[in-house]
Amino acid sequence: MTERRRLRVTGTVQGVGFRPFVYRTAVELGLVGSVANDSEGVVVEAEGGPEQLDELCRRLRDDAPPLARVESVEAAALPALGLAEGFRIVDSRAAGAPAVAVSVDVASCPDCLAELGDPADRRFEYPFVNCTNCGPRYTIITAIPYDRGSTTMSGFTMCTACRSEYEDPADRRFHAEPNACPACGPHLRLLDPTGAVLAERGDALDAAGEQLRAGRVLAVKGLGGYHLAVDATSVAGVAELRRRKARDDKPFAVMVADLDTARSLCRLSPAAEEALSSPRRPIVLAPRRHGAGVSEAVAPGLPELGLMLPYTPLHDLLLARVARPLVMTSGNLSDEPIAHQDTDALVRLGPMVDAMLTHDRDIHIRCDDSVARALPGGRVQVLRRSRGYSPEPLALPLPARRQLLAVGAELKSTVAVAKGASVVASHHIGDLEHLPAYRSFVQAIDHLCHIAGVHPELVVHDLHPEYLSTKFALDLDLPDVAVQHHHAHIASCLAEHAHAGPVLGVAFDGLGMGADGTLWGGEFLVADLAGFRRVGHLRPVPLPGGNRAIREPWRMGLAWSRLALGAAEAERYGAAVDERWAAVMALMDRPETPSTTSAGRLFDAVAALLGLRSRVTYEAQAAIELEACAAGVPLDAVAGYPLATATSGDLLVLDPGPLVARVVAERDAGTPVPLVSAGFHAGLGRATAAAAAELARAEGLDTVALSGGVFQNARLTEIVVAHLRGEGMRALVHERVPPNDGGISIGQAAIAAAHR
Ligand code: ZN
Ligand code: ZN
Ligand code: FE
């Protein structure tokens, strides 16, 4: 008995080798019919025995190619035709339909790496080898539908051998749009800092390897932009890179050749190893092995190191030549966006480097490396969701009725677009206060709308009127929705867990504009996607000097010590730390000085009072170092220091005053700083969990969502989660969406989608 069925497959199924997979599977099962792309995904018409058709359905779901993400397979019966038609792949361009989802950029697959290392292969040591299972996607696409003509490979004409692979449905390179070989594709060049060619092709690679081995600083063109590279074992080389890049303390990422080398540098959990070697290839932060062979200056004073494995064939070849770990940090000067265009790279990076290893395959859109952190308990948390993750869609808890654009916040900017049940967030854009990043923001919006096929009917922005993203949104001729910053944080956590709320949300972060016009950052909210109500917060404290209070944690130390211990103790601290202390103290009493409930600023204050850091050179540095110094102390080694609770109207106020007083007392008594830090974390974590549980119960809720940049702190998160569980609460924490402001655009989109 013969049947014919139409199978509709949705998800990320275009540009990932799905049609050849269907072809091979159908032929193997003895089915006839066709497969084609259309605007909603892939459509299969297949005819044959019912068991074979059932098996085809199963394999479409379960055995899809590595890059495909199948959301649904729906089958409908058709009349059997009984034709001897064979099985064929229908050209998508004939169907004239746009792709639904562009794949992420993917690290080299094992098949391509085998060819790269095989002297008999025509792509032996060819730095641009790729196939439908791997290679560049998001960073080279200029328009949809995704085919070669709409990528930066359009200027390269495939040779006969490449063309026949590209056209053969049974070949691994069938419709691999960036397909190339040494005869027809891009090539390497090594340039001096003025742009003069020093060497080409294999010679360029050899010469670059020699320079790196000699401790020189090189710019290396990667997938989403240029890296600055230096031998990570060279103390002088790493110091020189810091000087040239004007980067004082912020840690550098290190690329190593393989997992064994990674294990020799860091202690890796199975989850960390899995993340490190996944095709997304993020930078993974993991505990560093003491005395392991990279310069201390790579991550000064930190117990963790950011590692990544090679993700392009060029990286593999280079690492093999150098045979040492390489610092691979964003190709930029301090906070600028990463350089990705060749002429711009030459202008901006030329003065910083001894040579540039580049090539002639253009990068259309910049895309920084993603960053994930290995946490205790085998979890991995994404801190920066960029290359390898963007533009993969996430599901919205409630579908959007109108197509929308969410413009995010200001720092760690990302933007997102939503249509129907999915939201697509951009790569990491950076801090919008810098003009080049703002330009990159505008370009990212354009690109994202284009490749996701979204025509925004609504724009969503932060409540803060001074964010450049807010101003941009209000200048668009579209209806707009303003979303409170911490509501967006909690919504981003809900979106990740496909939870529509309500929950008790704890949003601890730096600063965000509150619904009452003050600066929030230590909030307890009853929230769902439709709205929120503030039910508690940390005790407010003056923020003396606005942005300067962020850059100079000693100002928060002064503010908190006065609040907790009185003017005399604050004076004693101020006089010891900075000659401007009296002026800053006076500033605290001025009516124009804002106050804040920020948890991030509380960490700054404690780090400053402990003498760890009074001025920062990168965001959250003081808080990161406060957590880092307690790394060797077991969680239960120190009883938590106390906090007080009070009420203000209907709101619960959690007061860290007694906690700060105890920190100062322990410091003065000579208690080792790591133990004081542990006592601070334990006290704040326990009190936060207790307050959240009490507030949740009062509302009849059993779930608490933790979000905001402060929950990048693994120690605090672990303590809060453990105590919430002890209180019988379910805790939602971030893994796939960043807890910091990089997740805000996703939260905004989830909230606006829920607007009815
Ligand atoms: Zn491949
Ligand atoms: Zn070729
Ligand atoms: Fe925030």
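Which residue in β14 is the bridge partner of Leu 191? Met 356 is that partner. The model is predicted: local features need pLDDT of at least 70, side-chain atom pairs count only at pLDDT 80 or more, and totals for chains, interfaces and linings use all residues. Residues are numbered from 1 along each chain as its sequence is written, chains are lettered from A and ligands numbered from 1 in the order in which they are written, and side-chain values use heavy atoms, with hydrogens and water left out.

Strands count as paired if DSSP finds at least two bridges between them. Helices (H or I, at least four residues) and strands (E, at least two) are DSSP runs, numbered from the N terminus.

Axes here are lines fitted to C-alpha atoms, for helices over the stretch in contact, and angles run from 0 to 180 degrees between N-to-C directions.

β11 shows both senses of pairing. Strand β11 (residues 283-287) runs parallel to strand β15 (residues 371-375), joined by three bridges. Leu 285 has Arg 373 as its bridge partner in β15. With strand β12 (residues 304-308), β11 pairs in the antiparallel sense over four bridges.

## The five-stranded sheet

A further open sheet has five strands, ordered β4-β1-β3-β2-β5, and its pairing is mixed. β4 (69-78) and β5 (87-89) are at the edges with a single partner strand each, so one side of each has no neighbour in the sheet. Neighbouring strands in this sheet are turned by 15° on average, direction ignored. Strand β2 (residues 32-38) and strand β3 (residues 41-48) run antiparallel, joined by seven bridges. One of the bridges pairs Ala 36 with Val 43 of β3.

Two helices lie across these strands. Helix α1 (residues 18-28) lies across β1 (3-12), β2, β3, β4 and β5, at about 175° to β5. Helix α2 (residues 50-62) lies across β1, β3 and β4, at about 0° to β1. Contact means heavy atoms within 4.5 Å.

## Two metal sites

Donors are N, O and S atoms within 2.8 Å of the metal (3.2 Å for Na, K and Ca); water is not among the atoms, so sites may look incomplete.

| Metal | Protein donors | Distances |
|---|---|---|
| Zinc ion (ligand 2) | Cys 159 (SG), Cys 162 (SG), Cys 181 (SG), Cys 184 (SG) | 2.2 to 2.3 Å |
| Iron ion (ligand 3) | His 485 (NE2), His 489 (NE2), Asp 509 (OD), Asp 741 (OD) | 2.0 to 2.2 Å |

The site of the zinc ion (ligand 2) is tetrahedral, with angles of 103 to 117° among its four donor atoms. Four donors count as tetrahedral if all angles lie between 85 and 135 degrees; four count as square planar and six as octahedral if opposite donors are over 155 degrees apart and all others between 65 and 115; anything else is irregular. The zinc donor residues are spaced C-x2-C-x18-C-x2-C in sequence. Cys 159 lies in the loop between α4 (110-116) and α5 (160-167), and Cys 181 in the loop between α5 and β6 (188-191), so the pair ties together parts 22 residues apart in sequence. Cys 159 and Cys 181 are buried. Buried means under 20% relative accessible area, exposed over 50%, partly exposed in between (1.4 Å probe, protein chains only).

The site of the iron ion (ligand 3) is irregular, with angles of 87 to 162° among its four donor atoms. Its donors follow the spacing H-x3-H-x19-D-x231-D. His 489 in helix α14 (residues 485-496) and Asp 509 in strand β21 (residues 503-513) link parts of the chain 20 residues apart. His 489 is buried at 0% relative accessibility, and Asp 509 is buried at 3%.
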